[in-house]
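Walk me through this structure.

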Amino acid sequence: MQLRVRDRWPIVLLALAACEPVAMLEPVQRLSETGLYADIATHRVASDVIAFEPQYPLWSDGASKRRWIRLPAGSSIDASDPNAWIFPVGTQLWKEFAFETRVETRYLEKREDGTWLRVSYAWDADQRDARIVPASGLCNAAQSTSGLPYDIPSRTDCASCHAQGDGVLGFSSLQLSADRDPLALHATRSAASELNLATLVKRGLVVGLQSELLQTPPRIQAANPRERAVLGYLHANCGTCHSGSGLLSGLDLKLSVNAGSSDLSAIDTTVDRPSRYRPADWPHDPIVRVQPGSPAASTLLARMSTRFPAAQMPPIGTHCVDVEALALIESWIRDDLAVRESEPRTEL
Amino acid sequence: MSKVIFSSLSLAALVAFGATWLPDKPVSNRSSLVERGRYLVEAMACSDCHTPWHMGPQGPEPDASRGLSGHPEGMKLPAAPDLGAGPWLMSVAATNTAWSGPWGVSFTANLTPDDETGIGKWTEDNFIAALRTGKHLGVGRPILPPMPWPAFAKLTDEDLRAMFAYLKSEPAIKNRVPEPLAPRN
């Protein structure tokens, strides 16, 4: 295939956000047509959608969120692999982002061929409906609570996070455990957080789940409550990409936590491990991801602390540093890990 | 070190011009895959930025001893010139490997197959995804200007596989390219 003359001109060197639209079926143009609401004008959701709340939410510059799922009648989620649930064709998920008023609602729908439709809807000013966002996303769609711009991501960016497993985040064994972490950052308690593994299995919406996970709901095995919250935060905010598999497997960095096991990969692949990120004039040697006792010498924190696009973590979806998370993880590195280093390692 | 001011369009035009000459021919085996990759890498001017330039007897030329190894690790640069407001947008070091603009300062990557400093641990999927999405490793931070990845994104998977095969076949050069620098303001 040769490039045509007219294809040359759009080469834009400064196109940091340039993306190719993802091939997809035709999505509906308005949120009201997706079936989430019985009456969108009054924001009354349909009776057959199920609200849920993961115990470890993703930080999105302070946006408040609500989430719903609908499975086709008579279908269920295959949870045979507790860390890779398989959703039935026709599954619909919605996630609403708000800063006092609704800004966007993201929508996933599983197609017949097993791929997912991924689109976002931007709410009208009068909050009576939301319109589909172009594939390239929408910059400056709102202001976050910190006054920084809030962008609705492109569909390419959607795929960056939702490419792992069956592409659903936040609806999993660990995230819906009844043994919720009381120290989880940014978590909210509502009726939605009452949905858990047991209720899903009881309603026949989840099948194949190991009985052990019902008897003993999954919980991150950590040395202390603070470490549990740290590992949960890293799981939700970093572990989607840094899962130890997929495109980033070569980094040997796993920040996700497998449910139903003593998975301390987030510690094993960071503490005293060489960092590939080596900023100029870094005053510490060796350069490691996490240096027990020294937050300032830990590149993991350095990348969480910046919003310079070429260095920030996460690389998308945020303009605002999560200061609560920084404080939590600083304390963990400075206090908990320093103690851990001085003690013999025991199986938890 | 002297610096040259470029128009951003010059590189884009060069890449686009090269791309029009690329015939679409099937690749039958590993050897021809590598040869196809060499052809594409050379025709699409990868070396113009990913090989440091130095002054040769005939004037500026790529330093063959550092082929495709990116911005030299040990090279100390003064701060990039402040171009102020106006039509001039970017400046570039004489090596053609360090670029300054509104995005900060970017340094061209080491494309040789060194495990620690190059693309030795990259998979073919990483390479293709990076050039399709403009994201490091295909999922990470944005690949900064002036890398014209939107042009490369238009290549076929087969062409991108060929380019990767060629790059992986070249000698590994250990050269840890600096991290990008943030804009002054």
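The paragraphs below go through the model topic by topic.

This is a predicted model, in which local features need pLDDT of at least 70, side-chain atom pairs count only at pLDDT 80 or more, and totals for chains, interfaces and linings use all residues. Residues are numbered from 1 along each chain as its sequence is written, chains are lettered from A and ligands numbered from 1 in the order in which they are written, and side-chain values use heavy atoms, with hydrogens and water left out.

Begin with chain B. It holds six helices and six strands. Helices (H or I, at least four residues) and strands (E, at least two) are DSSP runs, numbered from the N terminus. Along the sequence the pattern reads β-α-α-α-β-β-β-β-β-α-α-α. Of the 185 residues in chain B, 52% are buried. Buried means under 20% relative accessible area, exposed means over 50%, and partly exposed lies in between (1.4 Å probe, protein chains only).

Leu83(B) sits in the loop between strand S3 (59-62) and strand S4 (91-93) of chain B. With 30% relative accessibility, Leu83(B) is partly exposed. Its C-alpha atom is separated by 8.8 Å from that of Gly101(B), 18 residues apart along the chain.

Next, the backbone exceptions. Most residues other than glycine have a negative phi, and most peptide bonds are trans. Asn96(B) is not a glycine, yet has a positive phi of about 65 degrees. It lies in the loop between S4 and strand S5 (98-101) of chain B. Asn96(B) is buried, at 12% relative accessible area. Asp252(A) also has a positive phi, about 55 degrees. Its relative accessible area is 40%, so Asp252(A) is partly exposed. The peptide bond between Pro145(B) and Pro146(B) is cis, with omega about 5 degrees. Pro146(B) belongs to the loop between helix H4 (124-133) and helix H5 (149-152) of chain B. In chain A, the bond from Asp285(A) to Pro286(A) is cis, with omega near 0 degrees. Pro286(A) is in the loop between helix H6 (265-268) and helix H7 (299-304) of chain A.

Phe87(A) is buried at 4%, and Trp116(A) is buried at 6%.

Four cavities of 30 Å³ or more turn up in the whole structure. A cavity is a set of points, on a 1 Å grid over the protein atoms alone, where a 1.4 Å probe fits but cannot get out. Grid points are joined across faces, edges and corners, and a volume is the space filled by probe spheres set on the points. The largest cavity has a volume of about 70 Å³. Its lining residues (an atom within 4 Å of a point) include Trp59(A), Tyr233(A) and Asp322(A).

Last, the cysteines. The search finds zero disulfides over all chains. A disulfide is a pair of cysteine sulfur atoms within 2.5 Å. The sulfur of Cys46(B) is 9.1 Å from the closest cysteine sulfur, in Cys49(B), too far for a bond. Cys46(B) is buried at 11%, and Cys49(B) is buried at 7%.

Definitions and conventions: 1 Å grid on protein atoms, 1.4 Å probe; cavity = no way out; pocket = protein on both sides within 12 Å on 5 of 7 lines; lining within 4 Å.
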